[in-house]
Amino acid sequence: MSKQKITDEDALAFHLEPTPGKFEISATVPMTTQRDLSLAYSPGVAVPCEAIAENPELAYDYTNKGNLVAVISNGTAVLGLGNLGALGSKPVMEGKAVLFKRFADVNSIDIELDTEDPDKFCEAVRLMGPTFGGINLEDIKAPECFIIEQRLKEEMDIPVFHDDQHGTAVICAAGLLNALHLSGKKIEDVKIVLNGAGAAGIACIELLKSMGARHENCIVCDTKGVIYQGRTEGMNQWKSAHAITTELRTLEEAMKGADVFLGVSVKGAVTQEMVQAMADNPVIFAMANPDPEITPEDAHEVRADAIVATGRSDYPNQVNNVLGFPYLFRGALDINARAINDEMKIACAHALANLAREDVPDEVALAYGKNLTFGRDYIIPTPFDPRLIHRIPPAVAKAGMDTGVARRPIIDMESYELSLKTRMDPTASILRGINARARSAQARMIFAEGDDPRVLRAAVTYQRNGLGKALVVGREKDVRVKLEEAGLGDAYRELEVVNAANTQHLDTYKEYLYERLQRKGFDRVDVHRLATRDRHVFSSLMLAHGHGDGLVTGATRKSAHVLELVNHVFDADAKNGAVGVTALLHKGRIVLMADTLVHEWPDENDLATIAERGAAVARHLGLEPRVAFVSFSTFGYPVSERAEKMHIAPSVLQERGVDFEYEGEMTVDVALNAKSAEQYPFSRLTGPANVLVVPARHSASISVKLMQEMAGATVIGPILSGVDKPIQICSTVATANDILNMAVLASCKVG
């Protein structure tokens, strides 16, 4: 799998556009009329204020406290960058806040405190307690982080959790449970060596000891060697707690006969000789970031029986905190917990370990481009496993209830799990899935309009993100100038620029085109002009001859015109079953609309074909298709000649014997709103539709643009379906990111 290349410019642009930072606050209640304002603020707001003053527990009912976590730092240990200060840490804390939302639907806000004094820090956090349902401490250097967390846990009645310590520890524990299971060893018997006695290291060893590891079997090392009874140099009370009586003094000595190595230290701390000296079936968690203490390749070169985990996503068994903290807080918040205790952390570790032993869902295998099965290269679930949200929080919540930290125990655990399943935004995992599939496909993508800066930015991003090879059609000089103007001059050497003047295949292309067009009024001069001067035709010819794997075009010309040009080379028209399907993503829902590109006024047979193409695209995106033929009438009322074909189209599908749900004709609210659909209990749809087949292209265009402008929906498409090769046509108002999305779809052969 190729590694992603992210430039400084990419990172800065991502944080600058479309607005500075990574999130904004939006209201969850209507704020339009005078009545709304009177209820939201004065005088209506006085009622819940008085209720909460009388009974503080009601804050969880009448405010956002119960689903609000503060991510708090003073910036003294930012990533691996050191002390950047409070303000310097803000991008990281904003990032942590959006991870909470993305993975567990936890609202979160970042707070940076400008002090290195633990007393002042604790006082500030403690005073903010009434606002939040939990506190996530982040990037605070050791040993202050130990002092701060312990004090705040004692002084506050909401969960306080330092993720750098416990997040790593929980995922490490989950992986270790499975690694030992595969090795046939027990945690109480194994000899464990930890290198790195900072926040994460100490938390890891403490959690493992609370899970059964024996104190005398755990050897902790820091930069000065083994932490032994009687050592005075570089010690503190947290290290002293893990000092043992031993003659061993160096990491090298400690590694002899060790069953488990845990590294939260520095690149290269472990040598192949150390690995060779370990016990049979050694377990190596080399978690230093960005580079591990020893790479899996080097470890496996000397010990084929080793199970290796790292902190990196480009190796198997990634120890990734995002598997822990969102779900720990989700479970804790849902019982209005007073704390996150060891039992809750251990429950999280066991739930993660158990999940990795189960069959992996198809969508995860699809996303990662390989089958994942429990074994030496898969001991920890992947961060994008859709089961995490409904499997981990219930385990955490149950442990919290069993240990008495729940203010409001969950009575119906089954309903709770169901609510978690429906809580998450499915669009995020769909987009992640197609990106992962694209990375696996490594397609050579033809970007037809190399004179457009948006297209060039998309092409550069495509290649630098490790998605495949970008082939840009354009004149070399134009491409170079445009890249320089966009601040991407260094990317010119990375891209392959293709045109009629530098290709070896022009004669082959022209002959092929003449064969297709000679009976359509084109002579050889016309064909030469088309092949050499029109980039849409030239790019299509490249694709038709296998000189690229996919094509993205349309950013500079109207889609109807581009489609006409593509049709010189491919059969991408209504007669040959081509269809345009547009994906609308809005508020956690995804709906596909068709046909938005090809059919001007389809008849009932065309509509049935459009439905089949829409269903195929839905399946490519990981959705189980439910197709609705939408109109202004529902099941024949009101009667209208215009709606008749929508009424007949489902019976055409019935004759074809398709294998997906479909129904119609119906109004959009009946198709999408479960409440409206209840009036029609005979409907064949088992839930809201996710593919809408509309009467004509103009109604599709109006609907998509209305959703885009009025509701702020994200639009992907139209996705061209039913053509021999992957061709995607962007809109003329597409951003570089939109063009990149279309390239990803073409790479995955969605359509």
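How many salt bridges does the count come to in this structure? In the predicted model, the count comes to 41 salt bridges.

The side chains of Asp451 and Arg535 form a salt bridge with an N to O distance of 2.5 Å. This pair links distant parts of the chain, its members being 84 residues apart. Asp451 is situated in the loop between strand E11 (443–447) and helix H21 (453–464), whereas Arg535 belongs to helix H25 (residues 535–544). Asp451 is partly exposed, at a relative accessible area of 31%, and Arg535 is likewise partly exposed, at 24%.

A salt bridge also joins Lys141 to Glu144, with 2.8 Å from N to O. Here Lys141 is partly exposed, its relative accessible area being 30%, while Glu144 has a relative accessibility of 19% and therefore counts as buried, the limit being under 20%. In the salt bridge between Glu678 and Lys675, the N to O distance is 3.9 Å. Both of these residues are exposed: Glu678 has a relative accessible area of 54%, and Lys675 has a relative accessibility of 61%.

Asp36, located in helix H2 (residues 34–40), is buried yet has no salt bridge. The nearest side chain of opposite charge is that of Arg35, 5.0 Å away. A polar atom of the Asp36 side chain lies 3.1 Å from the backbone nitrogen of Thr33. Beyond its neighbours within four places in sequence, Asp36 is in contact with Pro30 and Met31.

Key: Residues numbered from 1 in each chain as written. Predicted model: local features only at pLDDT ≥ 70, side-chain atom pairs only at ≥ 80, totals over all residues. Heavy atoms only, no water. Helix = DSSP H or I, 4+ residues; strand = E, 2+ residues; numbered from the N terminus. Buried < 20%, exposed > 50% of the residue type's maximum accessible area, 1.4 Å probe, protein only. Lys, Arg positive; Asp, Glu negative; His and termini not counted. Salt bridge = Lys/Arg side-chain N within 4 Å of Asp/Glu carboxyl O. Polar contact = N/O pair within 3.5 Å; in protein donor to acceptor, adjacent residues only side chain to side chain. Contact = heavy atoms within 4.5 Å.
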